[in-house]
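Please consult the sequence and the model while reading.

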Amino acid sequence: MPLLTVNEAIGQAIAEEMRRDSRVLIFGEGTATKHPELVSEFGSARVRNTPLAEGIIAGTAAGAAATGLRPIVDLLFAPFLCFAMDELVNSAGKLRYMSGGQFAFPMVALAMTGGGWTVGAQHNHNLEAWFVHSPGLKVVMPSTPADFKGLMQAAIRDENPVLFFVDLALAFVPGEVPEGDVLVPLGQAAIRREGSDVTLVSYAKTVHTCLQAAETLAEEGISAEVLDLRTLKPLDTESILRSVRKTGRLVVVHEAAAPCGVGAEVAALVAAEAFADLKAPVVRITGPDAPAPSSYPLEQAFIPQPDAISAAARRLVALGLPVSAPGSAG
Amino acid sequence: MPPALPLSTSRLLLERMLLIRAYEEKIIAFHEAGPFPHVCTSVGQEAAAAGVVSALAPQDQILTNHRSAGHLLARGADPGRMLAEVMGRSTGYCKGKSGTLHISAKELGVILTSTIVGGELSLATGAALSREMLGGDGIVACFFGDGAACEGIFHESLNLASIWNLPVLYVCENNQWQAYVHRKETMVGDHIAPRAAGYGIEALTVDGNDVEAVFEAATAAVAQVRATRRPFLLEATTYRQRGHMEPHDQSYVDPAEIAEWRAKDPIDRQKARLLAQGGLEEADLARLEARIRRDIDEAADFAAASPFPDPAELATEVYA
């Protein structure tokens, strides 16, 4: 199986979908410049550079999606989405409902985020939960090259607006990616490692951090299950509950800050639906409630580390010992 | 002066304006009678709506805003289904999920109505991109006000439509008021049209209270956009005769300004023109107005008798 980086996997998915469906087009800041291969295959009408103006990029995508096209827009860095909130949230997310179902918005908005590049808080803000909180949108944040391809294909074929977040630290990591259709359904989590003592729920690059922690825990005789959410909305509640019912312990890990984050949603779900199965409190290991730093050591401190996760799991397994407070990072 | 337009067109334009006025007056009457959903009426702006919409072809699409009744009615929308939507009834164009401010009627080509001021400007480029890429000669007419022209997205929209050659007819209804603020307080210059030049877009300002002037300017603009596949900005200078919304309050408006613009009321002007031309008799006019009022009364009865949506529909149609 060919090895592709995440960026290559996304590019392959987009090219295959554009080949399959002439209504698919892509535009954004530097899109045509960065993808000459797409321009030469599909032409400059379907692969476009845009002004540096996120509002009109997202609004044009929403307007085009509602009237017969299937646009993909690259909005570059997640903090830039602040300029496109009206178009994404008020238009793409709401106008289907508000029109009584007259319109659909089959579009994908791509944005990068996450620590690892020391780009600072105006290029790095894990704001994916904002969109989970907005009706009508779907939110995807994969962790492996194969999933980036499969989820991108599924997102392009979906009839709804999909926010597709790329964790920067993963962008150039190679992995096996099958050729052709590798559709990964939206809303389906993946078990990355099976275990029986504690469930580690995560998404994006911290899935790999959880896998490292699970390795350490295994050496100590603690069996950790690692669940990769992949899609944050719709959330695969069944997979979360199935795992927690099995292990009775839950650590939720993400780089985004804790308050009202995906971890809070997962914890609330488990509290409501699997309370009787819990053997210990639910713990979140997250980035701090602070802007993302630029300085390398600060950024490393910002990103959840394997030791913090394994320590939390260890405490949960050894019942009666105190657990770390929400919001603490490694 | 000889009539510039065929008599049938002149009468049709008047009839459409009368329908819009009667519809808005029905809403005002509801408000005077008791609690009723808030509505932003377009009293005084009927010529811009009737004049531009009447110049469009069936394959064209309209994007509009919170002051949209005129655009919908001029396009042939059923006032009963509109009032039902205002009243939150299931027979409304959006099954009661839009309410007054956001009515879209896809079957009529009135699409993606947004009440976020400027929202329509961001969506119009996308609708026009679809028109370009999916073929046909359709164009997109985007209605907005002088308030929206002060949003950043106005500039983003014009820039993109120009650089991408998109068939958008931008229609600015410059009604002098931006919610509760006179545009003189918040906007540089008296007009929006001059801004288009900065984006390489042709523009024209027309007397927005002269329905025939609007219709003729719009007909030429529509033909140009259709032929050149390039945007055009038409500014209709008009006046919002009522407060920002019903129930209405104009305590912050200079009465002399209201009087000045009431004297230029677009419906009175078109009536006077037709009567002077001999294209309409007083008796014809009285019959026409009585018929329209009856139609609107029936529409209101239909809406009021319509059921509310089933609560089971609360969270349906969120996702496709």
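This is a predicted model: local features need pLDDT of at least 70, side-chain atom pairs count only at pLDDT 80 or more; totals for chains, interfaces and linings use all residues.

Q: Within what arc do the buried residues of H11(A) fall?
A: Buried means under 20% relative accessible area, exposed over 50%, and partly exposed in between (1.4 Å probe, protein chains only). The buried residues of H11(A) are A:Val262, A:Gly263, A:Val266, A:Ala267, A:Leu269 and A:Val270. Taking directions from the helix axis to the C-beta atoms, these residues line one face of the helix, because they fall within an arc of 160 degrees.

Q: Which elements are included in what covers the buried residues of H11(A)?
A: Contact here means heavy atoms within 4.5 Å. The cover includes helices and strands of chain A. Among them are helix H7 (128-132), helix H10 (237-247), strand E10 (198-202), strand E12 (231-233), strand E13 (250-257) and strand E14 (283-287).

Q: Is A:Asp289 buried or exposed?
A: A:Asp289 lies in the loop between E14 and helix H12 (296-302) of chain A. This residue touches A:Ala257 and A:Pro259, not counting residues up to four places away in sequence. Its relative accessible area is 68%, so A:Asp289 is exposed.

Q: What area do domain 1 of chain A and domain 2 of chain A bury between them?
A: An automatic or database domain assignment gives the bounds, dividing chain A into domain 1 (3-176) and domain 2 (190-317). The contact takes 29 residues from domain 1 of chain A and 25 residues from domain 2 of chain A. Buried area is the accessible area (1.4 Å probe) that two parts lose on being put together, summed over both. With 54% of it on carbon and sulfur atoms, the buried area is about 2,000 Å².

Q: Why is helix H2 (residues 46-53) of chain B largely enclosed by the rest of the structure?
A: The buried residues of H2(B) include B:Glu46, B:Gly51, B:Val52 and B:Val53. The helix is largely enclosed because the number of its eight residues that are buried is eight.

Q: Which backbone oxygen does the side chain of B:His102 reach at 2.7 Å?
A: B:His102 is buried, with a relative accessible area of 15%. A polar contact is a pair of N or O atoms within 3.5 Å; within protein, one must be able to donate a hydrogen and the other to accept it, and residues adjacent in sequence count only if both atoms are side-chain atoms. One such contact, of 3.4 Å, joins the side chains of B:His102 and B:Thr115. The backbone oxygen reached at 2.7 Å is that of B:Ser98.

Q: Which backbone nitrogen does the side chain of B:Asn65 reach?
A: B:Asn65 is buried at a relative accessible area of 8%. A polar atom of its side chain lies 2.9 Å from the backbone oxygen of B:Phe143. The backbone nitrogen, reached at 2.8 Å, is that of B:Arg67.

Terms used. Residues are numbered from 1 along each chain as its sequence is written. Chains are lettered from A and ligands numbered from 1 in the order in which they are written. Side-chain values use heavy atoms; hydrogens and water are left out. Helices (H or I, at least four residues) and strands (E, at least two) are DSSP runs, numbered from the N terminus.
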